[in-house]
Protein chains: 2
Amino acid sequence: MINVLKIQNPYNRRKRKQAMIGDKMKTLVIVAHPDYHDSGTQGFLKRATEGLEEITWHYLPEQTEFNVAAEQQLLIEHDRIIFQFPMYWYSAPATLKKWEDEVLTRAFTFANEKGILKGKELGIVTTLGYPAKDFQAGATEGFSISEILVPYRALAHRAGMIFMTPLVVDQFDYMTPDQQTKLLIDYQQYLTAAFSFSFSVRQDWIIKQLKKMMNSNNQAQLQLVIDQLEQNKIDLNDLKDQIKMIRQAEEG
Amino acid sequence: MINVLKIQNPYNRRKRKQAMIGDKMKTLVIVAHPDYHDSGTQGFLKRATEGLEEITWHYLPEQTEFNVAAEQQLLIEHDRIIFQFPMYWYSAPATLKKWEDEVLTRAFTFANEKGILKGKELGIVTTLGYPAKDFQAGATEGFSISEILVPYRALAHRAGMIFMTPLVVDQFDYMTPDQQTKLLIDYQQYLTAAFSFSFSVRQDWIIKQLKKMMNSNNQAQLQLVIDQLEQNKIDLNDLKDQIKMIRQAEEG
C-alpha cells in the first residue's frame, strides 16, 4: 500500500500543478438547497459565476435518484469540488448527504483504494442564518465552524483531498451593497483562484480579472487601478526581500 | 429571556428527576439504516430491546414523507432520544438528516424559543465498519468520534438537551459471543439506565435486571450473583468513605 501511494502521489501533484499553471483548473460547484429556486443567496452566487470560465454549476434537485456513474464522471473531470449549502442543523441539507452516501463509493473515494479524488481540492461554501460570531465556545452555537465541518474535513482526509478554508456567508439578507460586492469577489476567488488564498495570489487574481475587463469599458480608469495594484505588488515584494535580508543578518 | 429560562429549568429538571426516580423514563430509539432489513447489527440491537419496558423502537423508512406533527409528538412523549445509525461519511445516513431537517423545526427545538426538547437526553448509538482506534489524530480516519459528532453535540447544545457519551459499536461482525453479550448489556444500559453511567449506576442496573430474572429460572444461582454484587457495592461504599476521611485528614 505504501508503494502504491508513493507511485500515485507525484502524478496527482503534477497534474494539479499543471492545471493551476495552465490556468485550466476546473471547478465543480455542487449546490444543495431545499428552497433553491426561492433563495436570494443562491441566485446571487449563481450570477457571480456568469462569465467565469471552467465553472460547472451543479444543482442537486430534491428527491432525485442520482446517476452514480455520471456524478462520478463529473468529479473526475474537475480539480476543485465545492459543496455549497445553507447550514441546516450543523451540516448540509439531506440531499447532499444522500449524494455523498450514494456517489462516493468506497473504492472510488478512499485514497488507499482507487483514490480518484486524490490531490483534488474540497471547498465548502456555507450560508448561515445567524452571525458567524455566534459559532464559538460560549456563544449561542457553542462550536466553531472548523469543528462543525469535521465530517467534511474527515472526508477530505480519507480521500486524500486538500481541504480549503471554508467560505462562510452569514446573514446575506442584511448585507449592504458594498458587502455584497466584497462577497462577490471573495466567492469568485474561492471558485477560481489558486489555493491558498495568500495576499499575493488574491492580487494576481484581481489584476487578471481587471485586464479582462479592459476590453469592455472604462479603460483609462481600469488601467490606473491595474498600474496601482501592480506597483503595490512590486513594493510588497521589495518589502519581503528586505525583511528576509534583515532576518538572515540577525541569524548571522 | 433570562427569566423565562429561570422559570422553565427547574420544571424540566424536576420532571426529569421524577422520570428517573419513578423508573418511568421513556426512551425513543430512532433508527436510520439504508439496508436495515439486512443488517445483522440492527437485528441484534432490536432483539436486545425485547422485554425492556418503556422503549419505543422507531425505524425511519427510506424515502418516506415524515408526518412532522406525529414525529414531534413522539419526541414530546420520551425523555431519552437515541439516534442509532451506521456511520456513513462521518455522520448519519441521509434519511436521519432529512428527519432532522423536517421534524426539528426552529421554534419546537431551540432552547430559547419553545424549547420542547430542553432537559431531555440525546444519545448516539453508531456502528463502524472500521476499528474504533482508527478514529484519532494520525490514524486512518484522522479525527476522533467526539470531533466527528460535533453536529449532534451542537444540536443538543442548541436544544438544551443533555448529550450522552456515545455508544460506539465497531466491527460487530467480528465480535465473539462474549463481546456480543457485553454489547447487549452495554446497549440495554444505554437505553434504560440513569445517565451518567457511573460504576454505581451500572451495578444498580445489573442488580435490578437480575432481580427481574429471579422470577423465571435459576433462582438459587442468581441469588448468589445478586448477593455478591450487593456485597461489592457495600464494600465499594465503605472504601469511598475511607478515602474521603483520609483526604479530609490530609487537608487538615
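Predicted model: local features only at pLDDT ≥ 70, side-chain atom pairs only at ≥ 80, totals over all residues.
User: Which side chain does Glu141(A) meet?

Analyst: The side chain of Glu141(A) meets that of Arg158(B) in a salt bridge, at 3.1 Å from N to O. Both Glu141(A) and Arg158(B) are buried, where buried means under 20% relative accessible area, exposed over 50% and partly exposed in between, with a 1.4 Å probe and protein chains only.

User: And what about Arg158(A) and Glu141(B)?

Analyst: The side chains of Arg158(A) and Glu141(B) also form a salt bridge, at 3.1 Å from N to O. Arg158(A) lies in helix H7 (residues 150–159) of chain A, and Glu141(B) in the loop between strand S4 (121–128) and helix H6 (145–148) of chain B, so the pair joins two chains. Here helices (H or I, at least four residues) and strands (E, at least two) are DSSP runs, numbered from the N terminus. Arg158(A) counts as buried because its relative accessibility is 7%, and Glu141(B) counts as buried because its value is 2%.

User: How much area do chain A and chain B bury between them?

Analyst: Chain A and chain B bury about 2900 Å² between them, 62% of it on carbon and sulfur atoms; buried area is the accessible area (1.4 Å probe) that two parts lose on being put together, summed over both. The contact takes 32 residues from chain A and 32 residues from chain B, with contact meaning heavy atoms within 4.5 Å.

User: Is helix H7 of chain B buried or exposed?

Analyst: Eight of the ten residues of H7(B) (residues 150–159) are buried, so this helix is largely enclosed by the rest of the structure. The buried residues include Val150(B), Tyr152(B), Leu155(B) and Arg158(B), and just after H7(B), Gly160(B) takes a positive phi of about 70°.

User: New topic: at what angle do H3(A) and H4(A) cross?

Analyst: The axes of H3(A) (residues 68–77) and H4(A) (residues 94–103) cross at roughly 95° and come within 10 Å. Axes are lines fitted to C-alpha atoms, for helices over the stretch in contact, and angles run from 0 to 180 degrees between N-to-C directions. H3(A) and H4(A) are therefore roughly perpendicular to each other, a term for angles of 65 to 115 degrees.

User: Which residues make that contact?

Analyst: Val68(A), Glu71(A), Gln72(A) and Leu75(A) of H3(A) meet Trp99(A), Glu102(A) and Val103(A) of H4(A).

User: Back to chain B, which side chain does Asp101(B) meet?

Analyst: The side chains of Asp101(B) and Lys97(B) meet in a salt bridge, at 3.1 Å from N to O. Asp101(B) and Lys97(B) are separated by about one helical turn, because they are four residues apart in helix H4 (residues 94–103) of chain B.

How values were computed. Residues numbered from 1 in each chain as written. Chains lettered and ligands numbered in written order. Heavy atoms only, no water. Salt bridge = Lys/Arg side-chain N within 4 Å of Asp/Glu carboxyl O. Parallel < 35°, antiparallel > 145°, perpendicular 65-115°, else oblique.
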